[in-house]
Structures are given as structure tokens and as C-alpha cells.
Amino acid sequence: MIDGYKIIKTPNFVDDRGGVAFVEFGKDLPFVVKRVYWLYDFKKNRGAHAHKELQQFLFCPHGSLEVILDDGLMRESIILDSPDKGILITKPLWRDIVNYQNNPQLIVLASDIYKEEDYIKSYEEFKRWKSNS
């Protein structure tokens, strides 16, 4: 298993009214959320980047998709297909988001506001950056 992420199974309560799942800041997430964004109506694969500092929690409350995480040496694939399962990414990992089914929506809770300089958008640059850091 590569270092820098963990799968979080969030509390999930279901009754005759429906279900609710949640995360708690300071308990489930090691950062204060400064940005929330969501991806939907997927037309092509997404991701294809890494972050130098940003931490994220990704979850898919509807549909399913595959998140491929890569530390520059090894790759791991995680299927997000349930509203009570998410991925906490705490270290720089390359990520690709692929294999969409059933009109998924991906919600991302981020540890900081958008900063272009935090992105690494070339896989070769990511591998060089990782070997130098």
C-alpha cells in the first residue's frame, strides 16, 4: 500500500426516511476545510495532477468512479461507490479519476483555497519533484 492516503468509512445511518453519512472536522479530517468543490456530468477522465501541499477528502455520494493514486513508484486503485466511503489524501500523490458509472458526483473537501502553484500537472515533473523532496 502506498503511503499518503487512507480510506475513511464514515458513519452511516439509514431508516425509513433515507440515509445520512458525515465526516467531522478534527475527528475524521486532520485539517480545517477551506474549499469545497464538486465534479459532475463527467465527459472525460479527470485528475491527472498532484498537489504539493494540499490535503483532500474525496467522496462520491451518487454513482461510482475509480480513483487511481500513484506515489511515483506504485499505483493503487480505489472504487468510490457509496456515500459513506471516502479517500483522505494527506501527502503528494498523483491522481487520475476514471471509469464513471451511473452519473457520479464527486465532492472534494480541501485544506486550502485554490492555488495554481500547488499543482503539478505533468507526471514526469511529479516524479522529478518527488525524488528531489
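A salt bridge is taken here as a side-chain nitrogen of Lys or Arg within 4 Å of a carboxyl oxygen of Asp or Glu. The structure examined is a predicted model, and under this criterion nine salt bridges are counted. One of them joins the side chains of Asp3 and Lys91, with an N to O distance of 2.6 Å. Asp3 belongs to the segment before β1 (5-9), whereas Lys91 is placed in the loop between β8 and β9, so the pair ties together parts that are 88 residues apart in sequence. The two partners fall into separate accessibility classes: Asp3 is exposed, at a relative accessible area of 53%, while Lys91 is partly exposed, at 39%.

A further salt bridge is formed between the side chains of Asp41 and Lys43, with 2.9 Å from N to O. In this pair Asp41 is partly exposed, its relative accessible area being 42%, and Lys43 is exposed, with a relative accessibility of 67%.

The salt bridge between Lys127 and Glu124 has its closest N and O atoms 3.7 Å apart. Both residues are located in helix α1 (residues 123-132), at a spacing of three residues, or about one turn of the helix. Relative accessibility is 32% for Lys127, which is therefore classed as partly exposed; Glu124, at 45%, is likewise partly exposed.

Attention now turns to the nonpolar interior. In soluble globular proteins, nonpolar side chains tend to be buried together. The largest nonpolar core of the model comprises 17 residues, and the members that touch the most other members are Tyr5, Leu65, Leu69, Leu80, Ile87, Ile89 and Leu106. Two or more residues are supplied to this core by each of the elements β6 (56-70), β7 (75-80), β8 (85-89) and β9 (94-110). The largest share, five residues, is provided by β6.

The surroundings of Leu80 illustrate the packing in detail. When residues up to four places away in sequence are not counted, Leu80 touches Leu58, Phe59, Cys60, Gly63, Ser64, Leu65, Val67, Lys85, Gly86, Ile87 and Leu106. Of these contacts, Leu65, Ile87 and Leu106 are also among the core residues that touch the most other members.

Notes. Residues numbered from 1 in each chain as written. Predicted model: local features only at pLDDT ≥ 70, side-chain atom pairs only at ≥ 80, totals over all residues. Heavy atoms only, no water. Core = buried A, V, L, I, M, F, W, Y, C linked by side-chain atoms within 4.5 Å. Buried < 20%, exposed > 50% of the residue type's maximum accessible area, 1.4 Å probe, protein only. Helix = DSSP H or I, 4+ residues; strand = E, 2+ residues; numbered from the N terminus. Contact = heavy atoms within 4.5 Å.
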